[in-house]
Amino acid sequence: MRFMIQRVTHADVQVKKQTIGKIERGFLVFVGISAEDTEEIADKMIKKLLGLRIFEDENGKTNLDLHTVSGDLLIISQFTLYADCRKGNRPSFIHAGAPDMASALYEYILKECKKIIPNTQHGEFGADMEVSLINDGPFTIWLDSDEL
């Protein structure tokens, strides 16, 4: 499982020109799910995500987590995080999870995040989405379950 996390001051997602998710201060998280991922792996990734202390405290140190700053989450499914570009110029997505399994795991991640961060917004699994953001910093973190 892979999370690309961006600290944002604003982010939104549209499907067919309709805004379906919108946050202010918080994290925009792109989620890639592989064929080997499980709920146990998702739990570890969620714990790491929500524990990241990348908001500044009163001394300007990145020392505060999302919950402490009353931040929001916008979670977007993105199978392209599993693009394999080693051969040729056309990416392969063979390592991405099958849609049924990945969709169920994505829904699980949303459900678990909402338990801790009430304003957890999301995109639409498998849809053609337009995502807009203002990256704060810029600050982008890459989490890969293979490295946890």
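Which residues does Glu 112 touch, not counting residues up to four places away in sequence? I looked this up and found Asp 43 and Ile 46 as its partners, where contact means heavy atoms within 4.5 Å.

**Before going on**

I noted that this is a predicted model, in which local features need pLDDT of at least 70 and side-chain atom pairs count only at pLDDT 80 or more, while totals for chains, interfaces and linings use all residues. I also noted that residues are numbered from 1 along each chain as its sequence is written, and that side-chain values use heavy atoms, with hydrogens and water left out.

**Entry 1: two residues of H2**

Glu 112 lies in helix H2; helices (H or I, at least four residues) and strands (E, at least two) are DSSP runs, numbered from the N terminus. I found that Glu 112 counts as buried because its relative accessibility is 15%, given that buried means under 20% relative accessible area, exposed over 50% and partly exposed in between, with a 1.4 Å probe and protein chains only.

Met 101 also lies in helix H2, but I found it partly exposed, with a relative accessible area of 28%. Leaving out residues up to four places away in sequence, Met 101 touches Ile 33, Ser 34, Ala 35 and Asp 37. Asp 37 is 64 residues from Met 101 along the chain, and their C-alpha atoms are separated by 9.1 Å.

**Entry 2: H1 against H2**

Two packed helices are described by the angle between their axes and the distance between the axes. For H1 and H2 I read an angle of about 40° and axes 10 Å apart; the axes are lines fitted to C-alpha atoms, for helices over the stretch in contact, and angles run from 0 to 180 degrees between N-to-C directions. H1 and H2 are therefore oblique to each other, since angles under 35 degrees count as roughly parallel, over 145 as roughly antiparallel, 65 to 115 as roughly perpendicular and the rest as oblique.

I then listed who meets whom: Glu 39, Ala 42, Asp 43, Ile 46, Leu 49 and Leu 50 in H1 meet Leu 105, Tyr 108, Ile 109, Glu 112, Cys 113 and Ile 116 in H2.

**Entry 3: the core**

The largest nonpolar core has 28 residues, and Phe 3, Phe 27, Val 29, Leu 49, Leu 73, Ile 75 and Ile 109 touch the most other members. Such a core is a set of buried Ala, Val, Leu, Ile, Met, Phe, Trp, Tyr and Cys residues joined through side-chain atoms within 4.5 Å. I noted that H2 gives the most to this core, with 7 residues.
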